[in-house]
Amino acid sequence: MKVGVVGLGYVGLSIAIVFAEQGNTVIGVEVDGEKIEKLRKGIPTMFEPGIKEHLEKALPNLHISSDYSSLSETKFIYVAVPTPTVDGRIDLSHVEQAAISIKAACPQSVIVIKSTVVPGTAKKISRLTGMDVVSNPEFTREGHAIEDTLHPDRIILGAERQELMDELEALLGFSGAPILKASNEDAELIKYASNAYLATKISYANELAKLCEKVGCDIEVVTLGMGLDKRIGPQFLKPGPGWGGSCFPKDTQALVAFAGDNSSRLKIVEAAIDVNNQMVQHAITLIKEIAGGNLSEKRIGVLGIAFKEDTDDTRSSKSIELIERLFREERAQVNVYDPVAKYSGNCTKYESLSECVANSDIVVVATEWDGFRSALREVEKPILDLRRILDLKEYPGIYAIGLGRKGTGGSPMHSKVTS
Ligand code: UGA
């Protein structure tokens, strides 16, 4: 099949690569000339494990241009352009502009909206262009973009005309994932509802983590026990400094605003946002406890700048909020290390973890990079593990403290699952 993809960011590039790898002819349209040049040469434009190999395999079938006319005679054209949240509401201008350009170049085609958009958007775009519009929201995670596109848990399609969804099934069927065919509006809301639910699950774990610290419980053991219930499941219960990134913060806000615009309230999502907004303050309180009060002049080594592991993305990163607040509000000296992410704010960036640790009085694990665990094993300095990556029993004595567990060292008695 010949398929178009407009916008080659995280999502667009991932689907373009996977469709091309599956033997389809993919026409990618991108406005950024530098990005086009790099991609044509097989140079990835984003940090994503394994992407280079996939891009190389995809390149013979992947044709990238800035010109919408290259999309002519393409039946399905995906739109994967950004939908930022501006003043709490979703900004659809990029989607609308892409749709107008598609109409001018290829009016007989079908627009497939991959971008995250509020219910009613597909219909709006259809009215704007007079074209058929299918909704096909994405559920890939940064750091796992290709893997999640190849093996999604489910595929959601929404359209007015059933036959368009049936045709798209041929393109998407390679994964063998269950396909739910629904209305455009249902498909659009499924995306927001899923992200908001996952964010709520994490906020719930984070709130429980704070309770655990007060009452001498260990959140890791508590969520382990909760997650063994199949109705709950173990995922997205990991406590941390709060959820960040380019999706959860903007999508939860946009969903709350969308509900408000439709005379509804999503109080649980509002509470999840509220809990999330308090997590950095909680981290600062814990660091102050370790320091015995004042952080002024203290050297705090923050490990991890990105919003999570396996990415260099720092958008809405809680780590950056922590760095800046430590500097501005606590007058601490902040040292940072991250294996891939870059940041040039109020901190000293080290090229090696050991150097960063050596020059710090207190170490804070802010991103769950795998390598941090072994690198910190021999460190004999106070460590605040906001991501619970350390096995606290390897730190007998006074050195490590984990979010959601007060007290240090020792092995939790009940943390082993036996079959
Ligand atoms: C998220 C969703 O997981 C994807 O399904 C969705 O497609 C994507 O948003 C999107 O809308 O584009 P992503 O933002 O890449 O993906 O990151 P996640 O892995 O979901 O993590 C989000 C945040 O939650 C991170 O800050 C992470 O550290 C945090 N998190 C995650 C926790 O604190 N605890 C957890 O147990 C899981």
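This is a predicted model: local features need pLDDT of at least 70, side-chain atom pairs count only at pLDDT 80 or more; totals for chains, interfaces and linings use all residues.
1. Let's start with the residues around the ligand, sorted by class: the shell has eight nonpolar, three polar and nine charged residues. Here Ala, Val, Leu, Ile, Met, Phe, Trp, Tyr, Cys and Pro count as nonpolar, Asp, Glu, Lys and Arg as charged, and the others, Gly among them, as polar. In total, 20 residues surround the ligand, and the closest are Glu-138, Thr-140, Glu-142, Lys-191 and Arg-387.

2. Residues are numbered from 1 along each chain as its sequence is written, and side-chain values use heavy atoms, with hydrogens and water left out.

3. Where does the ligand lie? Domain 1 (2–182) and domain 2 (193–402) both give residues to the shell, so the ligand lies between them. The domain bounds come from an automatic or database domain assignment.

4. Now look at the backbone beside the ligand. An oxygen atom of the ligand is 2.9 Å from a backbone N or O atom of Phe-139. For Thr-140, a backbone N or O atom lies 2.7 Å from a ligand oxygen atom, and a polar backbone atom of Glu-142 is 2.7 Å from an oxygen atom of the ligand. Taken alone, the ligand exposes 710 Å², and the protein buries 92% of that; such areas come from the Shrake-Rupley method with a 1.4 Å probe.

5. Which elements give two or more residues to this shell? They are helix H8 (184–215) and helix H10 (248–261), and H8 gives the most, with three residues. Helices (H or I, at least four residues) and strands (E, at least two) are DSSP runs, numbered from the N terminus.

6. Next, the aromatic rings: the whole structure has four aromatic pairs. Phe-19 and Tyr-78 form a tilted one, 5.4 Å centre to centre with 50 degrees between the planes. Rings of Phe, Tyr and Trp (its six-membered ring) pair if their centres lie within 6.5 Å; planes under 30 degrees apart count as stacked, over 60 as edge-to-face and the rest as tilted. Because Phe-19 lies in helix H1 (residues 10–21) and Tyr-78 in strand E4 (residues 76–79), the pair ties together parts that are 59 residues apart in sequence. Phe-19 is buried at 3% relative accessible area, and Tyr-78 is buried at 0%. Buried means under 20%, exposed over 50%, and partly exposed in between (1.4 Å probe, protein chains only).

7. Tyr-337 and Phe-372 also make a tilted pair, at 6.3 Å centre to centre and 55 degrees between the planes. Tyr-337 is in strand E12 (residues 333–337) and Phe-372 in helix H14 (residues 370–375), so this pair ties together parts 35 residues apart in sequence. Tyr-337 is buried at 14%, and Phe-372 is buried at 2%. Elsewhere, Phe-236, Trp-243 and Phe-248 form one aromatic cluster.

8. Finally, two backbone angles deserve a look. Most residues other than glycine have a negative phi. Asp-310, however, has a positive phi near 60 degrees; Asp-310 lies in the loop between strand E11 (299–303) and helix H12 (318–328) and is partly exposed at 25%. Arg-388 has a positive phi near 50 degrees. Its loop runs between strand E15 (383–385) and strand E16 (400–402), and Arg-388 is buried at 4%.

Conventions. A residue is near a molecule or strand if one of its heavy atoms lies within 4 Å of it. A polar contact is a pair of N or O atoms within 3.5 Å; within protein, one must be able to donate a hydrogen and the other to accept it, and residues adjacent in sequence count only if both atoms are side-chain atoms.
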